[in-house]
Structures are given as C-alpha cells and as structure tokens.
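User: Can you walk me through a few bits of this model? I'd like to go strand by strand, then helix by helix.

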Amino acid sequence: MLADDILSHCSADLARPVLIAGPTASGKSSLAVQIAQADGRAVINADAIQVYENWRVLTARPSAADEATARHMLYGHVAGDQPYSVGTWLREVAPLLSLSPAPVLVGGTGLYFAALTTGLADIPGTPARIRAIAKARLDAGDLADMVAELDEDTRTRLDTQNPMRVQRAWEVLQTTGYGLAHWQDNTAQPILPLSHATALVIDAPKAWLTPRIEARFDQMLEGGALDEARANLPTWSPDHPSSKAIGASELIAVVSGTLDQGEARERATLATRQYAKRQRSWFRARMTGWMGVYAPKL
C-alpha cells in the first residue's frame with residue numbers, strides 16, 4: 001500500500017484510531033505524522049522507551065519540528081529513574097482514545113498494542129525480593145536456566161532470547177505460582193478491540209532496514225547524542241528503566257573515557273539490528289490481523 005493510499009484509507013473514518021506498529025528505523029513515526037497532519041489527529045506514543053524524558057535523541061523521539069506540526073502525547077513524560085509498565089500506559093491511553101478525530105498510536109512495543117487490542121492480564125506486582133533474585137541471576141548468566149524453569153505453556157509463547165521477557169515471566173511464576181500463560185489466558189476485555197481500529201504493521205525487510213539503522217545512529221551522534229550522554233552521566237545507573245535504551249550504556253562509556261566511539265557505534269548498531277529482528281518476528285507471529293504496509297514503498 002502506497003503512502004497516498006494509506007492516507008486516504010485512514011481519512012475515510014476519523015472516528016477510528018489508527019495503530020501503526022513497526023520495527024525500529026522503519027519510518028513509522030514519519031507515517032504517523034503524515035496521517036496526523038492530514039486529518040488533524042494527535043500522535044500518541046506506543047514505545048516503552050520513548051516515554052522517558054532523559055534520552056530524546058538516542059530513543060529517536062519525534063523532533064521539535066514534528067511536534068510543531070501535530071500534537072504529540074505520552075512522549076518524554078516520565079523521569080528516567082521511574083518504572084513504567086504496560087498497565088500504566090493503558091491507563092494513560094484509555095481517555096485519549098475518545099479524542100476527536102481519533103488519534104494515531106505509533107510505536108515498536110508490540111506488547112503495548114497486544115494489551116490494547118486483546119486485553120491485559122491483571123497480574124499481581126512482583127515483590128522487590130523476587131525481582132532482586134531474578135536480576136542477580138540474569139547478571140550471573142542464568143538466562144537458559146531461568147527459561148528451563150518456566151512452565152511449558154509460557155516457554156512456548158515467550159521470546160526466550162529476550163532477557164527482560166524471561167525475567168518478567170520467571171518473576172510472575174515465582175510470585176503467583178502460576179505461569180504467565182495462565183494469566184494471559186484469563187485476560188480482561190480489551191479497551192480497543194482490533195475491529196474498532198485501523199491497524200497497520202510495517203514490513204521492513206532486513207536488507208532495506210540495516211543501512212537505515214546504521215545511518216540513523218550516525219545521525220543521532222551528529223544530532224547531540226553524546227551531549228545527551230554527558231547530561232545523563234551524573235545520575236547514570238544501569239538499573240534505571242531508561243538505561244535500557246539501546247546505545248545508552250555505550251555512549252555513557254564513551255563520555256566516561258572507557259570506550260572508543262567507533263566501538264560504541266558498532267555495539268549499538270548490532271544491538272539495534274538484533275532488536276529489530278526480534279520485533280519483526282514478534283509482529284509476524286502476533287499481528288496476523290493487521291494490515292501490512294511495505295516500508296520501501298512508503
């Protein structure tokens with residue numbers, strides 16, 4: 001589907017929210033702004049890391065120019081050391097769905113869209129003691145053992161290469177005695193069923209996306225990412241939620257004088273490519289009911 005066709009399709013019903021999912025660097029934010037400008041819609045963030053205020057450049061949050069042409073919401077509104085969950089995001093998004101025209105929700109966090117359109121399990125919070133044990137085990141390299149300890153249903157549904165997802169599933173099992181799959185199967189009704197939205201998922205082939213990822217990191221460096229790292233250095237902690245931004249630890253190492261900038265670039269772009277691969281796999285498996293948009297033709 002070409003960009004003009006997408007704009008026409010979205011403009012046909014201004015009461016339907018538009019959902020745009022896609023891997024990092026695939027052009028989804030640009031498409032969201034185009035749709036927002038065409039219809040006077042607001043753009044709402046659906047990316048777990050772009051909620052944090054302290055890494056604007058590195059997390060590729062919308063530019064000031066984009067924000068000047070369309071209303072943007074739920075970007076950079078959370079302190080970098082504060083936790084932020086999918087449940088918190090749903091509570092913040094719920095009242096915004098009634099905006100007129102309906103908003104555009106855009107991001108690369110598939111779990112946010114899944115919770116929005118299929119519902120979110122009401123899982124009890126994890127005690128600090130169990131979370132500390134989980135983190136210590138991951139830090140010690142126990143990822144494979146933690147995966148093996150999960151119940152079979154959860155293990156078959158999980159991205160077992162994603163430490164954050166494994167940690168969460170392990171914590172749920174330890175806290176409640178039930179696997180994450182059990183909680184997912186007893187999920188409340190969604191606040192926005194997929195049939196009530198225009199849902200687009202961007203198909204970005206690896207060969208096309210990889211050079212974009214590399215070019216974008218260079219643009220981040222040129223756009224002040226190292227200055228951003230210097231500003232974060234006095235309060236930096238790898239335990240802060242915002243520190244999970246890809247490239248954050250590498251750039252902190254550069255400004256601390258413990259890592260060469262070239263090596264930091266290599267590590268960060270590799271991590272971004274790996275993240276994009278996980279995103280593409282997740283979207284293919286979980287977003288079969290979404291309308292595919294071929295990125296190179298946007």
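User: Which residue of β4 is the bridge partner of isoleucine 20?

Analyst: Keep in mind that this is a predicted model. Strand β1 (residues 18–21) is joined to β4 by four bridges, and the two run parallel. Within that pairing, the bridge partner of isoleucine 20 is valine 106.

User: And β2, which residue of β4 does isoleucine 44 stand opposite?

Analyst: Strand β2 (residues 43–45) also runs parallel to β4, with three bridges joining them. Look across from isoleucine 44 and you land on leucine 105.

User: Are the residues of β4 buried or exposed?

Analyst: In a regular strand, side chains alternate between the two faces of the sheet. Here Val104 and Val106 point one way from β4 (residues 104–107), with Leu105 and Gly107 pointing the other way. Whichever way they point, all of them are buried.

User: On to helices: is α6 oblique or roughly parallel to α9?

Analyst: The axes of α6 (residues 128–139) and α9 (residues 163–176) come within 10 Å and cross at roughly 140°. Roughly antiparallel would need an angle over 145 degrees. So α6 counts as oblique to α9.

User: How many residues of that α6 and α9 contact are charged?

Analyst: α6 passes α9 in a right-handed crossing. The α6 side of the contact includes Arg131, Lys135 and Arg137, while Glu171 is among the α9 residues. Six residues of the contact are nonpolar and three are polar, and the number of charged ones is four.

Notes
Residues numbered from 1 in each chain as written. Predicted model: local features only at pLDDT ≥ 70, side-chain atom pairs only at ≥ 80, totals over all residues. Heavy atoms only, no water. Axes fitted to C-alpha atoms, helices over the stretch in contact; angles between N-to-C directions. Parallel < 35°, antiparallel > 145°, perpendicular 65-115°, else oblique. Left-handed = near helix turned anticlockwise from the far one by under 90°. Contact = heavy atoms within 4.5 Å. Nonpolar A, V, L, I, M, F, W, Y, C, P; charged D, E, K, R; others polar. Buried < 20%, exposed > 50% of the residue type's maximum accessible area, 1.4 Å probe, protein only. Pairing = 2+ DSSP bridges.
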